[in-house]
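Thanks for coming, everyone. Let me put the structure up on the screen, and then we can walk through a few spots together.

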Amino acid sequence: MTDRQYQYIGGDWAEGKSSDEIVVRDPATPDDPAVSFPGASQQQARDAVAAAAAASEEWNRSTPEERDAVLYELADLIEANQDSLAETLTTEEGKPISSSRGEVGRAAEIFRFFASYSRTATGDTVPSSDPETFTYTVRQPLGVVALITPWNFPIATPSWKLATALSTGNAVIFKPSSETPMIAKHLVELLEEAGLPDGVVNLVTGSGSTVGDEITTHDAVNGVSFTGSTETGQYISETVASRGIPMQAEMGGKNPLVVLPDADIGAAADAAIAGAFGGTGQACTATSRLIVHEDVAAELTDAVVERAEALSIGPGMEDPDMGPAVSAEELETNFDYIEIAKQEGATLLTGGGRPEGMETGYYVEPTVFADVESEMRIAQEEVFGPVLGILEFSEFDEGIDIANDVAFGLSSAIHTEDMAAARKFTREIEAGVVKINGTTTGSQIQMPFGGMKASSTETHKEMGQHAYDFYTHEKVVYRSDP
Ligand code: NAD
């Protein structure tokens, strides 16, 4: 196998046959491409679906023991390869190496968690109205599913989709982001090594328009699970909805952290910094709006600015607090939004440019704006970078209204010692995740995850026990024995 083979179809590695050349760059040293290879052609995408369809019948009927053996083995292999996987991840995505190690470790945990469910995920036995009839439900795999993933958690996100799809007996076409194909390839190589039968997972790497459209519109695909931007997610949802197959899309966010006057201001500042600048602000759950009561706004703003200015920035391999943006496009978007915020009248308190002396990588300073108003674009649109806007309120209801005044509804947080206020926030906030005295980022794999409004199709949650619902059909059985 050479470095140009990024397609895995029916158990064979192959070079892509499209004319698109995918160039992967280390965002810390983008001048020398890390790898370059041709993307998959439409025919290869069709071949991948055919390979999954051919393998699906046997895998659909495999026993839980057969499936969990592969997934447990994979978890062990991920741990054994933790260092090289983490280095690959940092090389193409840019995040600090300790974060990459953490994400790789989490991938192993995810496969173990869902491997154990292979044996227990099941239907229900329901009391029957007729004593002669046994009533129960059974769950069966969808068959063939397409998994489409973004670049920002490039091993964790594919892992929770793959683990759930495979443990329920589905065959897969996996299309990773073209920004992070190396970690996807490494993961699939480990699946192969773990003993997954040929064709059960197929990797196609290529552009959304060539490969993505082919796999989402193919008749043999029985379900699509997507994570990425709202724009792409809504486009795919419309295509898939017209085919009447299950679709799940988790998309962008504009997540608020609301701070009441009784909050521990130091803890709130720490949460804002972790949420806004962790992962260079490139998390769907990143804190992008700090909505603070006017009585504590000055104190909190000072604490946030002081902490932001103390963050170290550098190449991910040096394990700084914050690495570079993933790509030149993302960097440019960050700077565009910084300009827009200034023009709209927000006050730049810190950051806003490239860190001094760091001209080569895709670096941007942690950036904080005050005097942000809810109608400004900086308060409405997802920047997906280390840019935090501070908005003030005087009444709690007004704070909640501001928090809800966006199209998105993914994650949210409130900082307060008043649990009645926290309950009211939980009831009224329009977000799929609510953190009380926490960060908007971060989740536990045993908890369901997903957004509301433009952040999600709200069809099925991912992770947690409920993740199975998406990957299975439920049949309702009435059995009257002769
Ligand atoms: P993106 O929408 O550009 O791409 C996501 C994936 O979709 C990629 O693999 C891409 O190649 C593919 N794609 C593009 N066009 C397609 C098409 N026509 N058909 C099929 N696939 C197609 O998103 P991105 O830039 O990779 O990721 C960043 C975005 O993802 C942000 O908006 C972020 O908030 C969101 N995100 C959401 C979650 C969540 O769980 N809600 C998690 C991580 C990231």
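Let's start at Asp270, which is partly exposed with a relative accessible area of 44%; partly exposed is what falls between buried, under 20% relative accessible area, and exposed, over 50%, using a 1.4 Å probe on protein chains only. Its partner is Arg307: the two form a salt bridge, with the closest N and O atoms 2.6 Å apart. Asp270 sits in helix H9 (residues 265-277) and Arg307 in helix H10 (residues 294-310), so this pair ties together parts that are 37 residues apart in sequence. Arg307 is partly exposed too, at 27% relative accessible area.

A word on what you're looking at. This is a predicted model, where local features need pLDDT of at least 70 and side-chain atom pairs count only at pLDDT 80 or more, while totals for chains, interfaces and linings use all residues. Residues are numbered from 1 along each chain as its sequence is written, and side-chain values use heavy atoms, with hydrogens and water left out.

Back to the charges. Side chains of opposite charge can pair when their charged atoms come close. Here a salt bridge means a side-chain nitrogen of Lys or Arg within 4 Å of a carboxyl oxygen of Asp or Glu, and by that rule the count comes to 20.

So which residue does Lys161 pair with? That's Glu462, with the closest N and O atoms 2.9 Å apart. This pair links distant parts of the chain, 301 residues apart: Lys161 is in helix H5, and Glu462 is in the loop between strand S20 (452-453) and helix H15 (467-471). For those labels, helices (H or I, at least four residues) and strands (E, at least two) are DSSP runs, numbered from the N terminus. Are the two partners buried or exposed? Lys161 is buried at 0% relative accessibility, and Glu462 is buried at 2%.

Then there's Lys95 with Glu103, a salt bridge whose closest N and O atoms are 2.6 Å apart. Lys95 counts as buried at 7%, and Glu103 is buried at 5%.

Staying with helix H5, which covers residues 156-167, we also find Thr164 there. Thr164 is buried, at 1% relative accessible area. Leaving aside residues up to four places away in sequence, Thr164 touches Phe114, Ala467, Tyr468 and Tyr471, where a contact means heavy atoms within 4.5 Å.

Another threonine, Thr210, lies in helix H7 (residues 208-217) and is buried at 16%. What does Thr210 touch, again skipping residues up to four places away? Asp20, Ala40, Ser41 and Gln42. Asp20 is 190 residues away along the chain, yet the C-alpha atoms of Thr210 and Asp20 are separated by 9.3 Å.

Last stop, the second largest pocket, which holds about 260 Å³ of space. A pocket, on a 1 Å grid over the protein atoms alone, is an open set of points where a 1.4 Å probe fits, with protein on both sides within 12 Å along at least five of seven lines; lining residues have an atom within 4 Å of a point. The volume is the space filled by probe spheres set on the points, which are joined across faces, edges and corners. Among the lining residues are Val433, Lys435, Met447, Phe449 and Lys461.
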